[in-house]
Amino acid sequence: MKNEKLRTKNFNSLLRPEFCILSSTFWAPKEIIETSIDWLELNEKSKILDIGSGVGKFCVEGARISDASFTGVEIRKNLIEEANRIAQGLELKNVQFIHSDIKDVDFSAYDSFFYYNPFCEHLAIDEVIDDSLEFSRENHRMYEDVVFEKLEKMPPGTKVVTYNSREFILPGSYRMVKMSKEGSLVLWGKE
Ligand SMILES: C[S@@+](CC[C@H](N)C(=O)[O-])C[C@H]1O[C@@H](n2cnc3c(N)ncnc32)[C@H](O)[C@@H]1O
């Protein structure tokens, strides 16, 4: 169990204002993260990847309540810097962030995944984090296909939590295990 000081600081209060204003649209709510962590039944050997980790909220909140190892991959450098600043300030040892395109990440190092609609900006009309990426329907499709193929190659027992990602179809080898929030939060397990 992590100490009281680390457990009680509100994540949003740690964010720089320019990232805090994005919270309600782009960073997962705390109760969603807590439910996800609970569903994943993690232990200290578990390795979780947050696909598109933003300012690191899922990984930081997760690492406060679990001894599992949390990794976030994020394409935007300024978000990685913010995530690292917060994780280091809280002295969390079981969190790391990788500045990379998800296309280039090896999924085989992980056993569980968190997927909060990482490519939604490609379909957004006005709500985007910034204009540093090239948004298009083609890119949206391409990225979903990339993640689909990487998940398909994972071994039985792999777990995925999807949040607000109803359009994302997982490979047929994944079965829905749990669902809440009227289907917006789903735990999938590979058979
Ligand atoms: C909806 S936010 C979710 C952030 C975080 N998972 C959370 O729950 O708080 C999606 C994130 O995915 C990132 N992203 C988009 N495309 C990506 C890519 N190709 N590779 C890595 N990250 C990507 C975005 O920059 C954004 O920060």
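Student: Does S165 count as buried or exposed?

Tutor: S165 counts as buried because its relative accessibility is 6%; buried means under 20% relative accessible area and exposed over 50%, with partly exposed in between (1.4 Å probe, protein chains only). This is a predicted model, in which local features need pLDDT of at least 70, side-chain atom pairs count only at pLDDT 80 or more, and totals for chains, interfaces and linings use all residues. Residues are numbered from 1 along each chain as its sequence is written, and side-chain values use heavy atoms, with hydrogens and water left out.

Student: Where is S165 found?

Tutor: S165 is in the loop between β5 (159-163) and β6 (174-180); strands are DSSP runs (E, at least two residues), numbered from the N terminus.

Student: What does the side chain of S165 reach?

Tutor: The backbone oxygen of Y115, at 3.5 Å, is reached by the S165 side chain.

Student: Turning to the ligand, which residues come nearest?

Tutor: D50, G52, E74, R76 and I102 come nearest, out of 23 residues around the ligand (a residue is near if one of its heavy atoms lies within 4 Å).

Student: How far is a polar side-chain atom of D50 from a nitrogen atom of the ligand?

Tutor: That distance is 2.9 Å for D50. A polar backbone atom of G52 is 2.8 Å from a nitrogen atom of the ligand, and a polar side-chain atom of E74 lies 2.7 Å from a ligand oxygen atom.

Student: Which elements give two or more residues to the shell around the ligand?

Tutor: Those elements are β2 (69-74) and β4 (112-116).

Definitions and conventions: A polar contact is a pair of N or O atoms within 3.5 Å; within protein, one must be able to donate a hydrogen and the other to accept it, and residues adjacent in sequence count only if both atoms are side-chain atoms. Helices (H or I, at least four residues) and strands (E, at least two) are DSSP runs, numbered from the N terminus.
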